[in-house]
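I opened this entry to write down what I looked up, going from the whole chain to single residues.

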Amino acid sequence: VTITTRLLVSHLSGIRHYEKDITKVKEEKEKANRALKPTKSHQDKEQKEKEGKGIEKTDCVKQKKEHDGETKSRNSRPGRKDKEFEQEEYYLKEKFESVIESLKIFKNDPLFFKPGSQFLYSTYGFTLLSAVVERASGQKFTDYMLKMFRDLDMLSTVLDDNEAMIYNRARCYVYNKKGRLVNAPYVDNSYKWAGGGFLSSVGDLLKFGNALLYSYQAGQFKSRNSKLLPGYLKPGTVAMMWTPVPKTEVSWDRDGKYAMAWAVVEKNQQYGCCRQQRHYASHTGGAVGASSVLLILPEELDPEALGTWPVAPPRGVIVTIICNMQSVSLNSTALKIAREFDKEKRAQ
């Protein structure tokens, strides 16, 4: 088979995640699909009722959905039991000297499916991707990334190295079987630098988000303002990264599809004065004792008015949350915050 870097970055490679049993993975997927079917039939029923009884039904449905969402949010407390964190490989303590060496964990395991045919989120796919970067750049992956972080002015973003003295490093926590907070167990993340091996700060992640948003929008301003500096990436590169890839899915956002290392929701509105879907990109992070999210909501630019706008890019809202507790769902919270700030900007 052929596995390309694009397949790796969109989790279509067929390389396994932490679960080694393909039967269990298929069962989980089928369970998730069954859970979605009642939702779809319920939506169809609502649609028929709306068409038959008029627009008054829409507000009732909306209020019910909001109430159900709030109830679900209250009942799913932070640190809930997450089956994924029962996988033994989350708790590896072996130190790997290079990303090439860490490939031995999964290099002899069978692929779960033909590359390109199905989506399966895979941290090990990104471990292989880091090996590709290492060979292509001629540098150690960690050195390459630290230089990039320096270029981006992300000076607080470092390797999660247990032996190093790292200022302001937070202690991480998990819930034990009795539901009490305890210190997270010792792990060594050298086997997955690319998929969860860096420590960062809220300030650094905001810089990262701004650099991407600037790169994404700079091309639209460039023709009107020749003094504008180029973005860290080409506008077309970011646009490609934020374009949904077919056959992908996103577990943490029902509106989204996976793109290239980002979950993306596309702009969409089916009916007037009804639900609007804004274009945004996000990604969550989950590790032993920690949870995070980075969400970028670009401002909708008017091409006709770009030449008269006094403020250059980045234009939009960026939200990041880092929590030193395991299995905390943060994406919906980040989206609510982004929408509130966006609403405030529009009001001004």
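I began with burial: 36% of the 348 residues in the protein chain are buried, meaning under 20% relative accessible area, with exposed set at over 50% and partly exposed in between (1.4 Å probe, protein chains only). I note that this is a predicted model, in which local features need pLDDT of at least 70 and side-chain atom pairs count only at pLDDT 80 or more, while totals for chains, interfaces and linings use all residues. Residues are numbered from 1 along each chain as its sequence is written, and side-chain values use heavy atoms, with hydrogens and water left out.

**Whole chain.** I looked up the accessible surface and found about 21,400 Å², 53% of it belonging to carbon and sulfur atoms (Shrake-Rupley method, 1.4 Å probe; for residues, only the protein chains shown count as cover). The secondary structure comes to nine helices and nine strands; these are DSSP runs numbered from the N terminus, helices being H or I of at least four residues and strands E of at least two.

**Sheet.** I traced an open sheet of five strands in the order S5-S6-S7-S8-S9, with antiparallel pairing; two strands pair if DSSP finds at least two bridges between them. Strand S5 (257-258) and S9 stand at the edges with a single partner strand each, so one side of each has no neighbour in the sheet. I then went through the pairs:

- S5 and S6 (residues 263-265) are joined by two bridges, and Lys257 has Val264 as its bridge partner in S6.
- S6 and S7 are joined by three bridges, with Val264 opposite Ala281 in S7.
- S7 and S8 are joined by seven bridges, with His283 opposite Leu294 in S8.
- S8 (residues 290-298) and S9 are joined by eight bridges, and Leu295 has Val319 as its bridge partner in S9.

I also checked the turn of the S7-S8 hairpin: two residues lie between the strands, and Gly289 in the turn has a positive phi of about 90 degrees.

**Cores.** Which residues have the most contacts inside the largest nonpolar core? I found Tyr124, Leu212, Trp242, Trp262 and Ile296, in a core of 40 residues. A nonpolar core here is a set of buried Ala, Val, Leu, Ile, Met, Phe, Trp, Tyr and Cys residues joined through side-chain atoms within 4.5 Å. Among the elements that each supply at least two residues of this core are helix H5 (123-137), helix H7 (202-222) and S8. H5 gives the largest share, four residues. I looked up Tyr124 itself: leaving aside neighbours within four places in sequence, its contacts (heavy atoms within 4.5 Å) include Ile15, His17, Phe106 and Tyr191. A second, separate core has 15 residues, including Val265, Met325, Val328 and Leu335.

**Ile166.** I ended with this residue, which sits in the loop between strand S1 (158-159) and strand S2 (173-175). Ile166 has 23% relative accessibility and so counts as partly exposed. Not counting residues up to four places away in sequence, Ile166 touches Val158, Leu159, Asp161 and Leu199. Its C-alpha atom is separated by 9.2 Å from that of Ser156, 10 residues apart along the chain.
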